[in-house]
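Try each task yourself before you read the solution.

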Amino acid sequence: MKITWLGHSAVKLEADKTILIDPFFAGPSQNLKANQSTGIDFVAVTHGHGDHIGDAFEICKENNATFIGGAELADEAEKFGLKALGMNIGGKIAVGGVVFNMVFAAHSANIGSPAGFVIEMNGLKVYHAGDTGLTLEMKLIGELFKPDLSLLPIGDTYTMGADMAAIAVEYLQTKKVIPIHYNTFPAINADPNVFKKKVGAKAEVIVIEPGDYFELK
Ligand code: NI
Ligand code: MN
């Protein structure tokens with residue numbers, strides 16, 4: 001599976017299907033939208049904050065892609081004339097060979113509840129934490145799903161920072177991590193190599209630039 005970080009919380013997963021998560025393009029990634037938002041099958045949004053909904057509706061429309069998100073966000077997508085599948089925490093949707101599991105996130109939202117996703121595709125499980133603080137629920141996510149790769153926010157201020165995200169890595173028992181949700185704007189500036197140092201030997205921390213990808217096997 002090809003995992004491309006598109007800056008902030010935006011990530012593209014490509015295997016049998018192409019999935020865009022939280023497609024918000026700003027700051028260092030503002031020029032990535034044009035090249036990275038074609039051929040999309042699903043757009044999954046973790047929660048109703050502008051830096052996560054981003055261009056989700058527009059991209060769904062342009063690609064005839066299916067919107068996946070919390071029930072309240074999915075209702076909005078439907079009002080916009082999109083194909084949408086709504087869900088809630090604890091639920092899963094199996095569609096087109098992909099399984100979307102919606103999991104807990106400790107955060108807030110302007111509409112609906114905040115969440116994360118564990119996405120299963122081509123035999124691999126990827127956990128996108130959305131925006132969240134450190135929470136013991138991550139132990140449950142680790143036990144239930146054993147994610148092959150976790151995408152964790154490290155920018156602090158609005159989510160956990162490097163210290164707490166390093167504890168999250170332990171809770172999740174995840175072997176690979178890509179840090180996200182940092183360096184988009186000053187309030188969330190962070191050095192991903194500090195996070196990498198804190199995680200140490202507990203997991204492989206993959207630090208990439210917006211627009212770069214990692215091949216998950
Ligand atoms: Ni948020
Ligand atoms: Mn955010």
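**Exercise 1. A pair of strands**

Task: In this predicted model, find the sense in which strand β11 (residues 149-153) and β12 pair, and how many bridges there are.

Solution: Start by locating both strands. β11 and β12 run in the parallel sense, with four bridges between them. Next, pick a residue and look across: Leu152 faces Pro179, which belongs to β12. Finally, check how covered β12 (residues 176-180) is. Four of its five residues are buried, so the strand is mostly covered, taking buried as under 20% relative accessible area.

**Exercise 2. The nonpolar cores**

Task: Determine how many residues the largest nonpolar core has, and which of them have the most contacts inside it.

Solution: The count for the largest core comes to 51 residues, and Ile3, Leu13 and Phe195 have the most contacts within it. Now ask which helix gives the most to this core: that is α6 (residues 162-172), with six residues. There is also a second, separate core, made of 19 residues, and Leu6, Leu20, Phe25 and Val45 are among them.

To finish, take Ile3 and list its contacts, skipping neighbours within four places in sequence. Its partners include Leu13, Val126, Leu149, Leu151 and Ile178, as well as Ile208, Tyr213 and Phe214.

**Exercise 3. The largest pocket**

Task: Describe the largest pocket by its space, its lining and the elements that supply the lining.

Solution: Begin with the space, which is about 160 Å³. Then turn to the lining: 13 residues take part, and those nearest the centre of the pocket are Gly90, Met102, Val103, Leu144 and Phe145. Sort the lining by class and you get eight nonpolar, three polar and two charged residues. As for the elements, β8 (98-104) and α5 (137-145) each supply at least two lining residues. The largest share, five residues, is from α5.

Notes:
Residues numbered from 1 in each chain as written. Chains lettered and ligands numbered in written order. Predicted model: local features only at pLDDT ≥ 70, side-chain atom pairs only at ≥ 80, totals over all residues. Heavy atoms only, no water. 1 Å grid on protein atoms, 1.4 Å probe; cavity = no way out; pocket = protein on both sides within 12 Å on 5 of 7 lines; lining within 4 Å. Points joined across faces, edges and corners; volume = space filled by probe spheres on them. Nonpolar A, V, L, I, M, F, W, Y, C, P; charged D, E, K, R; others polar. Core = buried A, V, L, I, M, F, W, Y, C linked by side-chain atoms within 4.5 Å. Buried < 20%, exposed > 50% of the residue type's maximum accessible area, 1.4 Å probe, protein only. Contact = heavy atoms within 4.5 Å. Pairing = 2+ DSSP bridges.
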